[in-house]
Amino acid sequence: MFRTFCTIAIVVLHANQAFTQDQESVLTFYEDIQPIIHTHCTPCHQPGKSGPFDLITYEDVAKRADFISYVTATKYMPPWQADPSYRTFLNERIVPEEELEKLYKWISTGLTKGDEKNKHKDLPTNFGPNPYRKPDVSYRMTKPFNIPGNQTEEFRFFNIPTNLPEDTYVEAIEFIPDNKRYVHHSRIMADTTNEIRGIDGLSETDPKVYDYQTKPLSDEFMYGWVPGNFPVFYPPGTGKKLYANTDIILNMHYAPSSVDTTDQSTINFYFNKGKVDREVYTLGLVERHIVDKFFLIKANTRESFRIEYEIENDISLISVQPHMHYLGESFIAHAITKDSVEIPLINIPSWDFNWQTTYQFKELVKVPAGSRIIAKAVFDNTMGNPLNPYIPPRDVTYGWGTKDEMMNLIMYYVKYREGDEEIDLVKLRKEKFESSKVTGDQ
Ligand code: HEC
């Protein structure tokens, strides 16, 4: 289907040579195009990452030039779900229009290669705190988990001891699925009691889970990975606290498989290098915060639900992450202050289960005490939803299974401090890149 559209697009593109042919400045791959591709495409399109092929070299790009114009012109790539006219984000994956124009002009003027000595060698590896930085520690599941080929979803718990000698603040967390096909999502929690050890692959239906659930965890939602999510990173001077000797509890969800296979995924932590004087907390708004009706999406209906939650003390939001499953159609959230000032948080007009992200704000977003956070989600449980897991549709309610539904808004925040509104996270991040280039802090 996509390829059919693609052919049409190529025809349109060639027919419409609207690009001004500037004879004097010939755009070349090494000088003009590679930096664009390496910034916006290569973090995913390189070996070991999610993209189905590499976009690194001249050949990689030149042979797919028309396809690349199509997927970028339609905004299919890079994937980014949040409506930029409602709110823009620090970690957004949007290619600026002037860069796209350059790319199209380069394609329409014959894919000039340029001088190889200007080749850009360092590949950005992620969209994290610094695309060139390597993690400080990597924790891999202690042994591979055997995913049985019995066509059932598996929800499993794992414990990974960190053996950290002292309390440490992390500025970024990254999850690397090992079995990309069957790792469906994962949730990372932190436990300091060390009483939940040895649970290599404990099933969530095991009665022991009830015992474990009574232990007070030091962090119940440290990070959630779903396909499409990238490392989360916190503003300079802030961090998520990882206590000495913490155990990481991994809650893994594996998709049904018809063949026996294995998984041994990894969590990477990037430690704060500078001073940390503010701790990052998590606020999770979930189904029990829905105020208008019971969370039941009746068969053959489109239903909308509303979450409302009052903020007690002034806070500064760092990020928002909506979460729904396949019936999700749209999600919008804002805060409203006591004086009725509306603070837009996120708008996802067309929900895509495969591309879920921790949306990080460009500035700390102050939400004053007494404000309400309001989220509205629409679910499409009709035959018209091509992703509906049940045909014919059935009544669906809350559950962890993908065929069940969820309505979550997970937010990271710090306690508000005077001057937070003035902090320019875009600038700080840029400065950090520059200084790490100088000091070699990769
Ligand atoms: C966040 C990760 C990510 C980024 C960034 C990204 N891609 Fe992709 N790309 C993917 C994945 C995953 C797929 C395969 C799934 C799909 O087609 O939806 C893909 C598929 C594609 C395809 C094939 C589409 C098809 O229908 O077969 C093209 C072409 C492509 N990407 C080009 C690009 C270009 C050009 C950029 C940069 C402007 C880019 N991508 C940025 C992850 C990414």
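How many bridges join strand 3 (residues 154-161) to strand 6? The legends below take this up along with other close-ups of a predicted model, in which local features need pLDDT of at least 70, side-chain atom pairs count only at pLDDT 80 or more, and totals for chains, interfaces and linings use all residues. Residue numbers start from 1 along each chain as its sequence is written.

**View 1. Strand 3 meets strand 6.** Two bridges join these antiparallel strands; helices (H or I, at least four residues) and strands (E, at least two) are DSSP runs, numbered from the N terminus. Arg156 has Ser203 of strand 6 as its bridge partner.

View 2. Two strands count as paired if DSSP finds at least two bridges between them.

**View 3. The largest nonpolar core.** This core holds 68 residues, and those with the most contacts inside it are Ile173, Leu250, Leu317, Ile318, Val320, Ala333 and Ala375. At least three of its residues come from each of domain 2 (137-277) and domain 3 (282-422), with bounds taken from an automatic or database domain assignment. A nonpolar core is a set of buried Ala, Val, Leu, Ile, Met, Phe, Trp, Tyr and Cys residues joined through C-beta atoms within 7 Å. A residue is buried if 20 or more other C-beta atoms lie within 10 Å of its own, exposed if 12 or fewer, and partly exposed in between, with C-beta atoms placed from the backbone. A second, separate core of eleven residues includes Leu27, Phe29, Ile33 and Trp106.

**View 4. Around Ala333.** Setting aside neighbours within four places in sequence, the contacts of Ala333 include Val320, Pro322, Leu345 and Ile346. Ile373, Ile374, Ala375 and Leu409 are also among the contacts of Ala333. Contact means that the C-beta atoms of two residues, placed from the backbone, lie within 7 Å.

**View 5. Helix 4 and Tyr70.** Ile68, Ser69 and Tyr70 are the buried residues of helix 4 (residues 65-73). Why is Tyr70 counted as buried? Tyr70 qualifies because it has 22 C-beta neighbours inside 10 Å. Tyr70 and Tyr104 lie 34 residues apart in sequence and 9.9 Å apart in space, C-alpha to C-alpha. After helix 4 comes Lys75, with a positive phi near 65 degrees.
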